[in-house]
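Please have the sequence and the structure at hand while reading.

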Amino acid sequence: MPELPEVQALRDFLDEELTGHEIVRVLPVAISVLKTYDPPVTALEGRTVTGVARYGKFLAVDTGGPRLVTHLARAGWLRWQDPLPSGVPRPGKGPLALRVALETGAGFDLTEAGTQKRLAVYVTEDPATVPGIARLGPDPLAADFTRERFAELLRGERRRIKGALRDQSLIAGIGNAYSDEILHAARMSPYKLAGGLSARETEHLYAALRSTLEEAVERSRGVAAARLKSEKKSGLRVHGRTGEPCPVCGDTVREVSFADSSLQYCPTCQTGGKPLADRRTSRFLK
């Protein structure tokens, strides 16, 4: 799933490529991708793009009126094409979900692999009306996201820190991959209770959160959309690297599997050398 750094890179790329250009056609290929119907997608046609914004993991293409808002979900992606293929794509053929064409002949496709269709597109005058955006917590890279504000968000939390970091209503933009990376950088167990962190632990976690995301954004800066996925993977230390040596200590990266996801961690760096129990057992390390 694209997370804050990749979505920020897509925002930067689209802002440069789209701003000042006219949208001549918006073509939904998979009707299920549309989550709003008023205004219709045709309301975007003939309008000039004035900018592109990011809200957590959401992208919003602004036309000075209606906005095209999208969430790529787990298996969605954005593919830039210059020029776009000629002709009208046929529904049900391949991963293409929606196409946006500019007056230049260039444009982008929104695609989604797999059978779980969660890619979402909204056309709205106000992004705050999109339910997922309305419930977003603060952006962790915003100037006002201070250590004190982070500590206040965690105060009283009864969840494990891994789940708290992934909660979009608590902090916007962090998903499964970067929560693993942040906790590894902080040398903290993913099962540690968020509300039980000491002041020193909170400060250390805050520093790891900011540095991990800032470094990932910088790595992604200027990278073409087609290469962002591979760039993300190359920069990860533990996530998706089960069985490989930890780049910090050399211990073997381990995994805990859940119903629809998994986490990766280093026992030496994060849990005092003890492996965490998986979902099939009832005992968990704190």
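Which strands each supply at least two residues of the lining of the largest cavity? They are strand 3 (58-62), strand 4 (67-71) and strand 7 (107-112), where strands (E, at least two residues) and helices (H or I, at least four) are DSSP runs numbered from the N terminus.

This is a predicted model, in which local features need pLDDT of at least 70 and side-chain atom pairs count only at pLDDT 80 or more, while totals for chains, interfaces and linings use all residues. Residues are numbered from 1 along each chain as its sequence is written, and side-chain values use heavy atoms, leaving out hydrogens and water.

On a 1 Å grid over the protein atoms alone, a cavity is a set of points where a 1.4 Å probe fits but cannot get out, whereas a pocket is an open set with protein on both sides within 12 Å along at least five of seven lines; lining residues have an atom within 4 Å of a point.

| Space | Volume | Lining by class |
|---|---|---|
| Largest pocket | About 1,100 Å³ | 18 nonpolar, 11 polar, 14 charged |
| Second largest pocket | About 190 Å³ | three nonpolar, four polar, four charged |
| Largest cavity | About 60 Å³ | eight nonpolar, one polar, no charged |

Of the 43 residues lining the largest pocket, Met 1, Lys 57, Arg 74, Arg 166 and Asn 176 are the closest to its centre. In the largest cavity, strand 3 gives the largest share of the lining, three residues.

Notes: Grid points are joined across faces, edges and corners, and a volume is the space filled by probe spheres set on the points. Ala, Val, Leu, Ile, Met, Phe, Trp, Tyr, Cys and Pro count as nonpolar, Asp, Glu, Lys and Arg as charged, and the others, Gly among them, as polar.
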